[in-house]
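Subject: Handover of a structure and the findings from it

Dear colleague,

I am pleased to hand over the structure shown below. Please look through it first; an account of what was found then follows.

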Amino acid sequence: LGRVLARHLEWSGRVRLILAGSIDARQGQRWRQDRPDWLMLAGYLDHAAALRLCASAACAIVMVPDCRHGRLSIPGKTFELIALPTHVLALAPDGSDTADVVRRAGASTIVPLESPARVAEAMERIIAGHFTGRLERERDWPQLERYSRLAVAERFAAALDRACGSRP
């Protein structure tokens, strides 16, 4: 984000990144000593406060590293973020389960966390889209129905029936 803002001085003071949640001691020390003015450290927030913060943002970010665990697991917050009318930037590996869910949801941008140039390009497009009123925020709700609790419970029950044999 620092690189993007250095290229767009007109965005100075108009863009900020809010980090909510815990950070380790080393990261905390670094950011307290050398925190850019566009970065805000919110610290730990209770669940409701974290969701309110995300809902008020132009874009929320979910990060998933490119490793076996990252490719095969989906952070729970992903489902909360796609339920909000907020653009989602998924910093996730191409072909990962997280990328698939976010792509189906729509109103999202997906780039690998490990590609700083692509992340910067994505942030630049998102910020420009926000300032021009063209940032996509509408979800593809029919695609998301498959992740509702009812739909997931139905699929789980059907799998149990298949595994255990149907009962009358």
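Please note that this is a predicted model. The findings are grouped by topic.

The largest pocket holds about 2,000 Å³ of space. Its lining is made up of 50 residues, and those closest to its centre are Leu17, Ile18, Leu19, Ile61 and Met123. Several helices and strands supply at least two residues each to this lining, among them helix H1 (2–7), strand S1 (17–20), strand S3 (59–63) and helix H7 (116–131). Which element gives the most to the lining of the largest pocket? It is H7, with eight residues. Sorted by class, the lining of the largest pocket contains 35 nonpolar, seven polar and eight charged residues.

The second largest pocket has a volume of about 240 Å³. Among the residues that line it are Phe79, Ile82, Trp141, Glu145, Arg149 and Val152. Two or more residues of this lining come from each of H5, helix H8 (141–144) and helix H9 (149–164). The lining of the second largest pocket divides into seven nonpolar residues, one polar residue and two charged residues.

Helix H9

After H9 comes Gly165, which has a positive phi, near 90°.

Salt bridges

How many salt bridges does a search of the whole structure find? The search finds four, and three of these pairs are described here.

In one, the side chains of Arg7 and Glu124 meet, with 2.9 Å from N to O. This pair links distant parts of the chain, since Arg7 is in helix H1 and Glu124 is in helix H7, 117 residues apart. Arg7 is partly exposed, at 48% relative accessibility, and Glu124 is also partly exposed, with a relative accessible area of 21%.

Another salt bridge joins Arg118 to Asp94, and their closest N and O atoms are 3.8 Å apart. Arg118 lies in helix H7, while Asp94 lies in the loop between S4 and helix H6 (97–105), so this pair ties together parts that are 24 residues apart in sequence. Arg118 has a relative accessible area of 35% and is partly exposed; Asp94, at 40% relative accessibility, counts as partly exposed.

A further salt bridge is formed by Asp100 and Arg104, whose closest N and O atoms are 3.2 Å apart. Both residues lie in helix H6, four residues apart, which is about one turn of the helix. In an α-helix there are 3.6 residues a turn, so residues three or four places apart point the same way. Asp100 is partly exposed, with a relative accessible area of 32%, and Arg104 is partly exposed at 29%.

Cysteines

A search of the whole structure for disulfides finds zero. The cut-off for a disulfide is that the two sulfur atoms lie within 2.5 Å. Cys54 is partly exposed, with a relative accessible area of 22%, and Cys59 is partly exposed, with a relative accessible area of 22%.

Yours sincerely,

A colleague

Note on methods:
Residues are numbered from 1 along each chain as its sequence is written. This is a predicted model: local features need pLDDT of at least 70, side-chain atom pairs count only at pLDDT 80 or more; totals for chains, interfaces and linings use all residues. Side-chain values use heavy atoms; hydrogens and water are left out. Buried means under 20% relative accessible area, exposed over 50%, partly exposed in between (1.4 Å probe, protein chains only). On a 1 Å grid over the protein atoms alone, a cavity is a set of points where a 1.4 Å probe fits but cannot get out, and a pocket is an open set with protein on both sides within 12 Å along at least five of seven lines; lining residues have an atom within 4 Å of a point. Grid points are joined across faces, edges and corners, and a volume is the space filled by probe spheres set on the points. Ala, Val, Leu, Ile, Met, Phe, Trp, Tyr, Cys and Pro count as nonpolar, Asp, Glu, Lys and Arg as charged, and the others, Gly among them, as polar.
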